[in-house]
Amino acid sequence: MAQENMGDWMEYAHEYAKAQREMKIEKWVCITIEYRTKERQRVVLFRYDPPRDIYERRQWVVRWRHARLLCQYPKENVQTYFSYYDRRTGLSMDFGSALSRLSAAKAQITIARRKEQEYLEYQRQNNMFFNEAEDETLAKFRRKLQSKIEKYTELEREVILSVQNVRLQ
């Protein structure tokens with residue numbers, strides 16, 4: 001596998017964030033502080049449901065609440081659980097979730113289209129024998145791009161079905 005530089009990673013991160021903005025994803029986090037009884041029953045002590053950026057700015061509030069509940073219940077194993085989700089659709093935003101895969105696919109398509117344009121501009125300026133219809137590298141690249149677009153539409157259908165399932169519940 002080719003070595004990637006930091007610029008490629010930053011470009012991908014920028015496009016990923018842009019794809020999430022275009023899809024109007026509202027990042028929220030559900031924070032639950034709880035413990036389990038000896039019978040494995042969940043006892044929820046406290047629950048927060050803030051936007052993710054507010055949580056990231058005010059993490060001390062959750063740590064303070066956790067510490068306070070640890071002092072209140074010293075014999076229990078008090079745990080804090082985080083669940084990241086999109087408020088608008090109700091879908092999870094964890095790694096490998098449908099929404100994160102859709103955002104990643106959209107970012108990859110955008111980057112690939114930009115690379116194709118750069119390649120075409122370079123070849124038209126520097127290669128006087130360049131023929132777009134006969135270029136094997138370009139044809140191979142376009143086949144890969146087409147497969148990424150098909151994957152994106154498939155993921156889009158999956159997200160639509162997931163949203164419908166969440167709203168029915």
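Mentor: One definition before we start: contact means heavy atoms within 4.5 Å. Keep in mind that this is a predicted model.

Trainee: Okay, so which residues does Leu138 touch, not counting residues up to four places away in sequence?
Mentor: Glu116, Tyr119, Leu120, Phe130 and Glu132. Take Glu116: Leu138 and Glu116 are 22 residues apart in sequence, yet C-alpha to C-alpha they sit 7.8 Å apart in space.

Trainee: What makes H4 and H5 roughly antiparallel?
Mentor: The angle. Their axes come within 9 Å and cross at roughly 155 degrees. Angles over 145 count as roughly antiparallel, and therefore H4 and H5 are roughly antiparallel to each other. The crossing of H4 and H5 is left-handed, and the residues of their contact divide into 15 nonpolar, 2 polar and 9 charged.

Trainee: What makes a set of residues a nonpolar core?
Mentor: Its members are buried residues of types such as Leu, Val and Tyr, joined through side-chain atoms within 4.5 Å. The largest one here has 15 residues, and Met23, Leu99 and Tyr152 are among those with the most contacts inside it. H4 and H5 are the elements that give two or more residues to this core, and H4 has the largest share, 6 residues.

Trainee: Which residues does Met23 touch, leaving out those up to four places away in sequence?
Mentor: Arg88, Leu99, Leu102, Ser103 and Lys106. There's also a second, separate core of 5 residues, including Val29 and Tyr48.

Note on methods: Residues numbered from 1 in each chain as written. Predicted model: local features only at pLDDT ≥ 70, side-chain atom pairs only at ≥ 80, totals over all residues. Heavy atoms only, no water. Axes fitted to C-alpha atoms, helices over the stretch in contact; angles between N-to-C directions. Helix = DSSP H or I, 4+ residues; strand = E, 2+ residues; numbered from the N terminus. Parallel < 35°, antiparallel > 145°, perpendicular 65-115°, else oblique. Left-handed = near helix turned anticlockwise from the far one by under 90°. Nonpolar A, V, L, I, M, F, W, Y, C, P; charged D, E, K, R; others polar. Buried < 20%, exposed > 50% of the residue type's maximum accessible area, 1.4 Å probe, protein only.
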